Amino acid sequence: MGPLHTFYKLFVSPVLHAGAGMAGGACRFQPTCSEYAAIAVHEHGWLRGGWMSLKRMSRCHPGGKGGFDPVPQKCPFMQSSKAPVTMKEAHISHESRS
């Protein structure tokens, strides 16, 4: 993952969890916000994926419901290939392009 993803996991995520009253790195969403961001940016690009990630993080607060919240798929006419659905598949897909 890139430096922004690492920065988020090390610095932003712990602050959000502490502010939301969650101890031990527990996340109220599945996939976690950092996984969501990585998948969203991979599938939708930096601009749209970044915006989707910011919207997701804004829902991380004590009054939020949480739960299963997957990254929406691209519209079929915009998708050039089958997008990965897990972090492992996204990582493998990224390595195969290099």
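A residue is called buried here when its relative accessible area is under 20%, exposed when that value is over 50%, and partly exposed in between, using a 1.4 Å probe and protein chains only. With that in hand, buried residues account for 31% of the 98 residues in the protein chain.

A word on what you're looking at. This is a predicted model, in which local features need pLDDT of at least 70 and side-chain atom pairs count only at pLDDT 80 or more, while totals for chains, interfaces and linings use all residues. Residues are numbered from 1 along each chain as its sequence is written, and side-chain values use heavy atoms, with hydrogens and water left out.

Now for the overall layout. The protein chain has 3 helices and 2 strands, and reading along the sequence gives you α-β-α-β-α. Helices (H or I, at least four residues) and strands (E, at least two) are DSSP runs, numbered from the N terminus. Take contacts (heavy atoms within 4.5 Å) between residues at least 6 apart in sequence: 71% of them join residues at least 24 apart.

Next, look at the loop between strand 1 (29-30) and helix 2 (33-58), where you'll find P31. Q30 and P31 are joined by a cis peptide bond, with omega about 0°. As a rule, most peptide bonds are trans.

Follow the chain on into helix 2 and you come to W51. Is W51 buried or exposed? W51 counts as exposed because its relative accessibility is 54%. Between W51 and A37 there are 9.3 Å in space, C-alpha to C-alpha, and the two are 14 residues apart in sequence.
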